[in-house]
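Here is a friendly walk through one model, written for someone who likes cut-offs stated openly. Keep the viewer open as you read.

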Amino acid sequence: MKKILLLLCGFTMSIMTWAQKQFQLTSPDGSIKTNIEIGDKLTYNISVDGKQVLAPSPISITLSDGEVWGDKAKLSKSKKTSVYQTIPSPFYKRDQVTDQYNQLSLTFKKQWGIEFRAYNDGIAYRFVNQRKQPFTIEKEEVAYQFDSDVMTHIAYSNRGKDGDFNSQFMNSFENTYEVKKLSAQNKGRLMILPLVATTDDGINICISEVNLENYPGMFLTNKDKTNALTGVMAAYPKKTEQGGHNMLQFVVKERENYIAKVDGPRTFPWRVAIVTRTDAELANTDITYRLAEPSRLDDISWIKPGKVAWEWWNDWNLQGVDFKTGVNNETYKYYIDFAADHGIEYVILDEGWAVNLKADMMQIVPEINMKELVDYGKSKNVGIILWAGYHAFNRDMENICKYYADMGVKGFKVDFMDRDDQEMVAFNNRAAATCAKYKLLLDLHGMYKPSGLNRTYPNVLNFEGVHGLEQMKWSPNTVDQMTYDASIPFIRQVAGPMDYTQGSMRNATRENYYPCNSEPMSQGTRCHQLALYVVLESPLNMLCDAPTNYMRETESLEYIAKIPTVWDETIILDGKIGEYIVTARRHGDTWYIGGITNWNARDLTIDLNPLKIFGKKATLFQDGTNAHRKASDYKKESITLANSLKIHLAPGGGFSLMTE
């Protein structure tokens with residue numbers, strides 16, 4: 001009897017070994033590993049330098065017919081490959097990106113597969129569909145299981161009720177970060193990507209997604225498990241109604257019982273865990289750009305990044321002019337003249353030029369003669385960009401793009417999408433392709449975080465999805481924008497460029513700041529604002545303040561006007577999430593360095609050796625002696641650079657320099 005039992009046990013173990021397969025994938029430098037296990041569940045983990053930072057976490061896709069990709073999966077074949085290539089990266093923080101990874105491709109018997117990639121700074125995976133027949137996906141299981149209660153930087157959906165995820169799906173994707181242990185975060189709210197978890201050993205895991213195309217975006221929640229994050233995605237809209245901001249949105253009233261429709265063979269979004277040992281490495285990662293789909297445009301010579309004179313933030317509020325300012329040709333010609341005089345490439349006509357509540361971009365208010373403005377701008381070498389509400393743009397996209405492109409308009413700033421279900425994601429991709437067809441730039445405002453669309457369609461220069469300076473028009477002084485500014489280079493900016501809209505000339509200390517719509521101000525110092533033009537990435541970068549305010553501040557204006565919006569090289573010299581960052585960027589032979597701090601004053605000694613600029617002359621803007629009391633106080637001087645730079649930052653302060 002004992003012999004029979006032993007034989008049975010041995011037979012059972014052999015079945016388990018046969019049914020369960022394990023693979024290991026290692027980063028090119030050998031420091032990061034993932035173990036993929038195929039058994040009752042498909043799981044993977046992540047270890048760094050031999051220590052696990054992500055415990056085995058299940059992943060799967062459930063089809064509407066009940067089939068589950070990932071559970072008891074039957075492997076057909078596996079293949080490992082290694083890639084080392086250089087990707088040209090126009091309109092980015094460096095002119096080329098090194099793309100090096102090891103890949104494991106797993107193909108399963110029911111015409112689906114999964115691909116894992118190991119980079120020196122993270123692990124990514126995506127599902128692959130090989131079926132030609134259409135189907136729908138009920139849900140996707142995404143999980144991040146940690147070994148302990150990690151510290152997290154998390155921004156939540158800013159709409160809806162706690163505990164009601166469906167009411168939170170429609171939101172503006174703009175919120176500051178809650179910094180707490182994961183167990184202490186709000187279990188009743190959806191978490192916006194990217195987010196960062198940090199282990200007790202100081203390893204950062206930044207979670208995001210890339211190549212979001214015709215598929216819903218992902219939120220995360222820790223509703224069910226204390227030490228785990230799980231993915232949540234909005235179901236496909238079943239019933240929508242026109243409404244929202246000035247009737248320019250479509251509000252979802254009812255959703256289907258599936259998240260996505262699949263028409264045929266395709267890949268799904270990359271699920272990304274960026275893994276770094278330092279905060280500076282996190283701010284410098286290129287993983288989103290590497291994983292994005294290559295450019296689909298053969299000709300990009302017409303795409304011109306640059307800066308924009310913007311009127312909405314300053315409320316069209318000019319001083320000392322002999323006409324009534326507002327949405328009219330006189331005001332916009334003044335902005336065009338200002339842009340032309342200072343080498344600013346574009347002027348934007350924000351909300352107000354089209355008749356309100358009509359959602360029709362062909363109905364222009366009588367105070368605006370659009371053709372006259374476009375022609376006037378052309379005569380001054382200044383391009384015009386038009387603001388567009390989502391529904392107004394979507395309802396007749398092809399004709400709108402053709403009509404305004406023929407007129408000479410250079411691009412659109414599309415706003416108030418405020419969703420990332422499959423229908424809205426498809427809109428953003430279609431908008432990018434249609435604008436490219438008519439050689440139009442695109443700024444996707446009112447938008448979820450970027451996921452590589454700017455590589456696939458390089459005419460998409462900017463995305464919002466950020467708690468930017470516009471918030472200072474209405475946020476109380478309890479909102480800590482300085483800590484947020486010192487956080488986003490390590491979190492939100494990891495996903496891609498952002499329409500933050502810096503450049504305020506009215507600057508306030510923490511005590512003196514207050515919200516004001518018609519004469520808005522920034523929190524923090526003047527030099528903090530100047531530094532943001534270097535610290536933040538924005539190929540289409542706004543000058544948010546009024547031309548007359550800039551013209552009173554000629555030194556600041558001249559400096560901002562010189563700063564490029566795309567770069568040949570970027571190096572993060574120092575930084576810590578939520579505290580401070582120092583960023584160096586090179587354009588041609590000129591280096592620009594910008595540094596900012598939160599509300600804590602600090603003294604920094606910055607190592608300049610990586611830049612090889614010893615002995616060069618530079619123009620330096622730094623916080624003035626009294627910037628802690630009067631935030632607009634600054635000092636400009638010419639210096640000779642040594643191997644290091646010692647600098648004092650006032651509370652909410654910053655500095656910026658440009659080599660000569």
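## Ground rules

This is a predicted model, in which local features need pLDDT of at least 70 and side-chain atom pairs count only at pLDDT 80 or more, while totals for chains, interfaces and linings use all residues. Residues are numbered from 1 along each chain as its sequence is written, and side-chain values use heavy atoms, with hydrogens and water left out.

Helices (H or I, at least four residues) and strands (E, at least two) are DSSP runs, numbered from the N terminus.

## Helices H8 and H9

Let's start with helix H8 (residues 397-407) and helix H9 (residues 422-437), whose axes are 9 Å apart at an angle of about 30°. Axes here are lines fitted to C-alpha atoms, for helices over the stretch in contact, and angles run from 0 to 180 degrees between N-to-C directions. The angle makes H8 roughly parallel to H9; angles under 35 degrees count as roughly parallel, over 145 as roughly antiparallel, 65 to 115 as roughly perpendicular and the rest as oblique. H8 passes H9 in a right-handed crossing, a label used if the near helix is turned clockwise from the far one by less than a right angle, with left-handed used if anticlockwise.

On the H8 side, Met 397, Glu 398 and Cys 401 meet Phe 427, Arg 430, Ala 431, Thr 434, Cys 435 and Lys 437 of H9, where contact means heavy atoms within 4.5 Å. The residues of this contact of H8 with H9 divide into 5 nonpolar, 1 polar and 3 charged. For that division, Ala, Val, Leu, Ile, Met, Phe, Trp, Tyr, Cys and Pro count as nonpolar, Asp, Glu, Lys and Arg as charged, and the others, Gly among them, as polar.

## Helices H5 and H6

Helix H5 (residues 329-341) packs with helix H6 (residues 370-379) at an angle of about 15°, and their axes are 10 Å apart. H5 is therefore roughly parallel to H6, and H5 passes H6 in a right-handed crossing. From H5, the contact uses Asn 329, Tyr 332, Lys 333, Ile 336 and Asp 337, and from H6 it uses Glu 372, Leu 373, Tyr 376 and Gly 377. Sorted by type, the residues of the contact of H5 with H6 are 4 nonpolar, 2 polar and 3 charged.

## The enclosed helix H12

How many residues of helix H12 (residues 526-535) are buried? The count is 10 of the 10, so H12 is largely enclosed by the rest of the structure. Buried means under 20% relative accessible area, exposed over 50%, and partly exposed in between (1.4 Å probe, protein chains only). Among the buried residues of H12 are Arg 526, His 528 and Gln 529.

H12 also has a helix partner: its axis and that of helix H14 (residues 554-562) come within 10 Å and cross at roughly 15°. That makes H12 roughly parallel to H14, and their crossing is right-handed. Arg 526, Leu 530 and Tyr 533 of H12 make the contact with Ser 556, Tyr 559 and Ile 560 of H14. These residues of the contact of H12 with H14 comprise 4 nonpolar, 1 polar and 1 charged.

## Backbone geometry worth a look

Most residues other than glycine have a negative phi, and most peptide bonds are trans. Lys 72 has a positive phi of about 50° although it is not a glycine. Lys 72 is found in the loop between strand S6 (68-69) and strand S7 (75-88), and is exposed, with a relative accessible area of 61%. Asn 246 also has a positive phi, near 50°; Asn 246 sits in the loop between strand S19 (237-243) and S20 and is partly exposed, at 24% relative accessible area.

Which residues does a cis peptide bond join? They are Leu 193 and Pro 194, with omega about -10°, and Pro 194 belongs to strand S15 (residues 191-198).

## Two residues and their surroundings

Val 251 lies in strand S20 (residues 249-255) and is partly exposed, with a relative accessible area of 23%. Leaving aside neighbours within four places in sequence, Val 251 is in contact with Met 170, Lys 239, Thr 240, Glu 241, Gly 243 and Gly 244.

Thr 548, in helix H13 (residues 547-552), is buried, with a relative accessible area of 6%. Thr 548 and Tyr 335 are 213 residues apart in sequence and 9.7 Å apart in space, C-alpha to C-alpha. Leaving aside neighbours within four places in sequence, Thr 548 is in contact with Asn 317, Leu 318, Gln 319 and Tyr 334.

## An annotated region

UniProt, in an unreviewed entry, places the feature "domain: Glycosyl-hydrolase 97 C-terminal oligomerisation" at residues 566-657. UniProt positions are given in the numbering used here, feature names are shortened, and annotations may be inferred rather than shown by experiment. In the model, the span of residues 566-657 is 0% helix and 59% strand, and its end C-alpha atoms lie 17 Å apart.
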